[in-house]
Amino acid sequence: MSVKILSGKVFLVITGASRGIGRQLAISFGSILEKGSHILLLATNLNALKETAKNIPPSIFVDTVSIDLAKATKDKLYDIIIQSLKNEILDQFDHVVVIHNVGSIGNINQYANDLTELNVWHDYYDLNVFIPAILNGVIMKIFNKNTNTKKLVINITSLLGIKPEKSMAYYCSGKAAREMFFKVFALENPQVNVLNYSPGPVETDMYHEVCTKIADEEVKTQFNDLLTKKTILTCEKTVNRLLTILEEQKYKSGDHVDYYDEL
């Protein structure tokens with residue numbers, strides 16, 4: 001599959017690239033990038049990142065960095081990006097693509113009234129809201145002077161960022177806050193192509209965690225029914241849909257686009 005917005009030499013950054021949707025994003029995007037492109041994969045598990053990298057063509061330079069993004073700082077993120085690009089000339093890249101995929105489900109064993117520990121809220125928002133915002137700003141500033149380099153930012157969001165669900169206050173509120181940040185970013189930066197992509201119900205470790213651990217029995221049944229009826233999506237299927245959306249370019253920058261939306 002050829003995607004015009006990914007043509008030429010691309011610098012691609014993907015967070016949470018060691019498993020699930022992030023791993024598939026790296027593999028699928030890597031398979032269509034042109035020779036000389038550069039991919040930076042970030043996650044905690046370095047061995048898993050290296051396994052992901054093995055599935056990307058050798059014509060693409062792949063850099064894997066183990067980092068606990070929940071504890072990252074602006075300076076640390078800047079150093080990682082600069083170190084990854086140390087042998088590259090920034091002007092050579094036709095496109096810079098950032099995919100904010102990292103995320104966690106949070107505590108789903110309790111209802112909203114029980115979520116009263118401030119430090120737990122801080123930890124959740126550090127990983128799921130604050131770090132994506134900071135990383136995005138760091139990358140934009142690094143490439144700020146490269147006016148000819150086109151920029152694409154993809155935020156992996158969720159239907160639950162706009163639709164509440166019981167026992168999922170952390171996840172729903174985090175996705176909502178993160179998506180709104182990128183909507184504001186899109187408004188302030190009309191030269192950047194921004195997409196909030198909701199991948200639909202995808203069979204991942206996180207999905208199975210909801211199926212087994214969520215406190216609300218009604219929600220647990222809903223999630224398990226998709227597995228039973230085999231209507232759950234695969235990582236490959238949802239990433240292919242994302243590539244089609246990017247190729248067709250029928251959305252407005254900053255839009256929330258779901259797997260099932262007809263554009």
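Is Gln249 buried, exposed or partly exposed? Gln249 is partly exposed, with a relative accessible area of 35%. The model described here is predicted.

## Two residues with positive phi

Gln249 sits in the loop between α8 (235–248) and β7. Its phi is positive, about 50°, although Gln249 is not a glycine. Most residues other than glycine have a negative phi.

Ser167 is another non-glycine residue with a positive phi, near 70°. Ser167 belongs to the loop between β5 and α5. Its relative accessibility is 4%, so Ser167 counts as buried. The cut-off for buried is under 20% relative accessible area.

β5 has seven residues, and six of them are buried, so β5 is largely enclosed by the rest of the structure. β4 and β5 pair in the parallel sense, over six bridges. His100 has Asn155 in β5 as its bridge partner. From β4 the chain crosses through α4 to β5, and this β-α-β crossover is right-handed.

β5 also pairs with β6, in the parallel sense and over six bridges. Here Ile154 stands opposite Leu195 in β6. The chain crosses from β5 through α5 to β6, in a β-α-β crossover that is right-handed.

## Helix α5

α5 covers residues 169–188, 20 residues in total. From first C-alpha to last, α5 reaches 29 Å, close to the 28 Å expected at 1.5 Å a residue.

Which residues of α5 are buried? They are Tyr170, Tyr171, Cys172, Gly174, Lys175, Arg178, Glu179, Phe182, Phe185 and Ala186.

## Helix α2 and its strands

β2 and β3 form a parallel pair over six bridges. His38 stands opposite Phe61 in β3. The chain crosses from β2 through α2 to β3, and this β-α-β crossover is right-handed.

α2 spans residues 46–53. Its buried residues are Ala48, Leu49, Thr52 and Ala53. They lie on the same side of α2, because they cover an arc of only 145° around the axis. An α-helix has 3.6 residues a turn, so residues three or four places apart point the same way. Among the elements that cover the buried residues of α2 are α1 (20–30), β2 (38–43) and β3 (61–66).

## Ser7, ahead of β1

Ser7 lies in the segment before β1 (10–15). At 29% relative accessibility, Ser7 counts as partly exposed. The side chain of Ser7 reaches the backbone oxygen of Lys4 at 2.7 Å.

What does Ser7 touch, not counting residues up to four places away in sequence? Its contacts are Glu34, Asp94 and His95. Asp68 is 61 residues from Ser7 in sequence. In space, the two are 31 Å apart, C-alpha to C-alpha.

Terms used: Residues are numbered from 1 along each chain as its sequence is written. This is a predicted model: local features need pLDDT of at least 70, side-chain atom pairs count only at pLDDT 80 or more; totals for chains, interfaces and linings use all residues. Side-chain values use heavy atoms; hydrogens and water are left out. Buried means under 20% relative accessible area, exposed over 50%, partly exposed in between (1.4 Å probe, protein chains only). Helices (H or I, at least four residues) and strands (E, at least two) are DSSP runs, numbered from the N terminus. The arc is that of the directions from the helix axis to the C-beta atoms. Contact means heavy atoms within 4.5 Å. The expected span of a helix is 1.5 Å times one less than its number of residues. Two strands pair if DSSP finds at least two bridges between them. A crossover is right-handed if, with the strands pointing away from the viewer, the path from the first strand over the helix to the second runs clockwise. A polar contact is a pair of N or O atoms within 3.5 Å; within protein, one must be able to donate a hydrogen and the other to accept it, and residues adjacent in sequence count only if both atoms are side-chain atoms.
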